[in-house]
Amino acid sequence: MKIAVLGGDGFIGWPTCLHLSDAGHDVHIIDNLSRRWIDTELGVQSLTPMDSIQERTRIWYQETGRRIHFHLIDLASDYEIFKGWLRKERPDAIVHFAEQRAAPYSMKSDRHKNYTVNNNVNATHNVLNALVETGVDAHLVHLGTMGVYGYSTVGAAIPEGYLPVGIDTMSGETAKQEILYPANPGSIYHMTKCLDQLLFQFYAKNDGLRITDLHQGIVWGTHTAQTRRHAQLINRFDYDGDYGTVLNRFLIQAAIGYPLTVHGTGGQTRAFIHIQDSVRCIELALKSPPAKGDRVKIFNQMTETHRVRDLAELVAKITGARIAWLPNPRKEAAENDLVVRNEQFLELGLNPTTLAEGLLEEVIEVAKKYAYRVDRSRIPAVSAWTKDIEPVIERDP
Ligand code: USQ
């Protein structure tokens, strides 16, 4: 297939491009390199030394003889350019990662809220609009989030996107319906993914677009089979208070002797997936498109759930790290249970990589190798969710 990967320079985008190229697909990256600009804005850099996108694709060609094409396009603002590209290239599928993906960054200030909403909602709408306008019948696979559901299970497992409901009718009967699971975002970023869901519903219904939405959990790990093939193909690894996700943060903190930054009691339960499974799931979703006229296909892209304090205790046990219990800068439930259904990917053949000590150690090795690149002052999470929450800056031990 000819596949456009929107946001193909990012944390999941890059290993996805390599995975799909390795599987024989013709991969085109469309990216505005915004993630690299945000690093510059925040004054942080990936833990792993990351080359330019042009250099990365050059090395991939050198290693495999396979070309990955790069197009510098801003989907949120360059609508006509993207439409022209689509009309000319007519991809069979589009994978859409091109959104600002960090909840803390989206909550930093009014400017960051505006940026996240404008960027994410416009990028998604421009893609849908351009597909209709050009008549390109590409299957759109979007990276959504488990965060669209909120994280409370009311004693029942979260279904894959749709909730069966019964509504009392005037005649006293019960009408059965499946509705989109009620959106319950916990940040401006998560809210944009909820808005995306409505855009998808409309365009699938109105224009017959074929759309898959992947509700993904928190990704951990760094390597995939392809990023290991050459030092310059390495994936990015974020550890800072805005972009670093919880388990990867704990692993780098352990590697540099920084107390593990647990928010509150660490009672938050979240869904997780290893980066290797994340790229496999995207390929599985691409192989199993909905038919024209179908409703949006929704998968829960996660393999296990864990409580934050259990993860901290596991990392502390393996490494001897100390745990710091910090005031929570976020507005979120102090404790929650989470049960999630994910049968669809298992039925398509996903064999989950689960959190094993060996794998954790592998990431700690990466963290140790590049520990000299860490700016410890960038570890605290300083984005507060509301004006009355004072982010407490932990003292560097
Ligand atoms: N947390 C800590 N200590 C830290 C960092 C985080 O206790 O140092 C806690 C947070 O308070 C939160 C949980 O860990 O309760 C998860 O935080 P996170 O930063 O790992 O994940 P989140 O902000 O939810 O966002 C990440 C990705 C996002 C994706 C989402 C999937 O950045 O793109 O959509 O995970 S999910 O969480 O399932 O919604």
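Strands β10 (residues 260-263) and β14 (residues 323-326) run parallel and are joined by four bridges; two strands count as paired if DSSP finds at least two bridges between them. Helices (H or I, at least four residues) and strands (E, at least two) are DSSP runs, numbered from the N terminus. Keep in mind that this is a predicted model, where local features need pLDDT of at least 70, side-chain atom pairs count only at pLDDT 80 or more, and totals for chains, interfaces and linings use all residues. Residues are numbered from 1 along each chain as its sequence is written, and side-chain values use heavy atoms, with hydrogens and water left out.

**Strand β10**
- Leu260 and Val262 point one way, Thr261 and His263 point the other way, and all are buried (under 20% relative accessible area, 1.4 Å probe, protein chains only).
- Across in β14, leucine 326 sits opposite histidine 263.

**Helix α6**
- With 25 residues (110-134), α6 reaches 35 Å from its first C-alpha to its last, close to the 36 Å expected at 1.5 Å a residue; that expected span is 1.5 Å times one less than the number of residues.
- Its N-terminal end is capped by serine 109, which has a side-chain oxygen 3.2 Å from the backbone nitrogen of arginine 111.
- After α6 comes glycine 135, with a positive phi near 75°.
- Buried residues of α6 include His112, Asn119, Val127 and Leu131.

**Threonine 224**
- You'll find threonine 224 in the loop between β9 (218-220) and α8 (246-256).
- Threonine 224 counts as buried because its relative accessibility is 0%.
- Leaving aside residues up to four places away in sequence, threonine 224 touches Pro15, Ile275, Gln276 and Val279 (contact means heavy atoms within 4.5 Å).

Notes. Buried < 20%, exposed > 50% of the residue type's maximum accessible area, 1.4 Å probe, protein only. Polar contact = N/O pair within 3.5 Å; in protein donor to acceptor, adjacent residues only side chain to side chain.
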